[in-house]
Amino acid sequence: MSRFSAVTDNPHDQRFHQKTGVLLTNLGSPDAPTAKALRIYLREFLSDPRIVEIPRLVWMIILHGIILRVRPQRSAKLYQSIWTENGSPLTHITRLQRDKLAAQLKSQGYENTQVVMAMRYGNPSIEAGLEELRDKGFTRIVVLPLYPQYSSPTTGSTFDAVAKVLRKWRWVPELHFINGYHKNTTYIESLANSISEDLQTNGVPQKLVFSYHGMPKLFLERGDPYYCLCLQTTRLVVEKLGLDKDLVVSTFQSRFGKAEWLKPYTDATLEALPSEGIKDIAIISPAFSADCLETLEELESENREIFEHAGGEKYRYIAALNDRDDHINALIDVLKPML
């Protein structure tokens with residue numbers, strides 16, 4: 001029987017029985033670490049007007065005439081350096097997060113709740129995730145983008161993608177969209193726990209670097225709150241751990257192009273620290289809920305090399321929260337008011 005059959009074909013209490021589906025989303029990864037797969041992924045990613053805010057016609061000429069001819073091959077080599085037998089680390093970790101979150105919710109009595117994962121770019125798509133929930137009869141959907149700090153290019157773009165799908169639906173479900181959780185106490189506690197565990201194992205470094213994904217400064221000037229939310233995250237973690245403020249610095253990574261981005265830049269900071277006598281650091285990236293290219297390659301490898309080449313001696317990366325139990329508990333805490 002079609003899910004669009006007349007109301008009279010089903011008991012009202014069965015057809016309208018409320019069930020909640022959770023759409024857990026992240027940025028996404030290419031399907032394979034190849035130039036062909038990267039070209040497909042980058043075309044979707046860089047065509048998003050939330051990502052690149054310059055006149056569309058000009059950008060499309062640059063994107064298709066230059067970038068997609070050059071960047072896929074280079075990006076494929078970077079992805080190859082982090083690819084595992086489970087495929088993309090980001091996709092694999094998000095899958096683990098989904099499974100743990102679903103199991104925890106069920107154990108806490110949320111029997112009518114199901115968790116589905118989706119990626120803003122690439123597969124599994126947001127459209128596929130929403131359709132899976134619809135086809136299983138979920139009439140309430142909670143969308144949780146795994147970006148603790150709201151930003152237009154990440155969280156805002158996810159909302160765009162969800163809305164684009166729902167515009168085509170006859171019956172739009174009750175929708176709850178979580179646009180960030182950087183001040184959630186259990187999230188801050190899980191970040192603090194991961195840092196505390198590292199400090200207990202490896203000792204207190206001369207500097208603890210909080211490296212957040214960057215964005216063009218123009219976005220901040222146009223009203224994006226991301227910069228402020230990142231600094232709030234650092235402050236809350238420092239207060240939770242009772243750290244000396246002079247121990248900590250917040251920086252921004254992953255910039256590209258010629259425009260000015262949020263400062264201070266992570267790579268420039270790491271290059272300068274040894275000349276200031278700082279040769280022992282630990283670095284963490286709270287903007288990433290799962291390890292990915294920007295952490296496993298950029299922070300673990302590229303930035304380590306920058307720091308050591310400049311005279312740094314001890315460099316350690318504190319992993320993303322990934323599928324840690326306290327991280328899953330934090331996500332449940334964020335979701336509970338919506339369930």
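A: The side chains of Thr 234 and Ser 250 are joined by a polar contact of 2.8 Å (a pair of N or O atoms within 3.5 Å, one able to donate a hydrogen and the other to accept it, where residues adjacent in sequence count only if both atoms are side-chain atoms). This is a predicted model, in which local features need pLDDT of at least 70 and side-chain atom pairs count only at pLDDT 80 or more, while totals for chains, interfaces and linings use all residues. Residues are numbered from 1 along each chain as its sequence is written, and side-chain values use heavy atoms, with hydrogens and water left out.

Thr 234 belongs to helix α9, residues 226-241 (helices, H or I, are DSSP runs of at least four residues and strands, E, of at least two, numbered from the N terminus). With a relative accessibility of 6%, Thr 234 counts as buried (under 20% relative accessible area, with exposed over 50% and partly exposed in between, for a 1.4 Å probe and protein chains only). Apart from neighbours within four places in sequence, Thr 234 is in contact with Phe 210, Tyr 212, Val 248 and Ser 250, where contact means heavy atoms within 4.5 Å.

If residues up to four places away in sequence are not counted, His 182 touches Gln 232 and others, including Pro 148, Tyr 187, Leu 229 and Leu 236.

Most residues other than glycine have a negative phi, and most peptide bonds are trans. In the loop between β6 and α10 lies Ser 254, whose phi is near 65°, a positive value in a residue other than glycine; Ser 254 is buried, with a relative accessible area of 14%. Pro 264 lies in the loop between β6 (248-253) and α10 (266-272), and the peptide bond that joins Lys 263 and Pro 264 is cis, with omega about 5°. Asn 322, in the loop between β8 (314-318) and α12 (325-335), has a positive phi of about 50° although it is not a glycine, and at 13% relative accessibility Asn 322 counts as buried.

Helices also meet one another: α3 (residues 56-82) and α11 (residues 293-309) pack at about 95°, with their axes 10 Å apart. That makes α3 roughly perpendicular to α11, since 65 to 115 degrees counts as roughly perpendicular, under 35 as roughly parallel, over 145 as roughly antiparallel and the rest as oblique. Here axes are lines fitted to C-alpha atoms, for helices over the stretch in contact, and angles run from 0 to 180 degrees between N-to-C directions. The contact is made by Leu 78, Tyr 79, Ser 81 and Ile 82 of α3 with Leu 293, Leu 296 and Glu 297 of α11.

For the whole view, the protein chain has 12 helices and eight strands, and buried residues make up 49% of its 339 residues.
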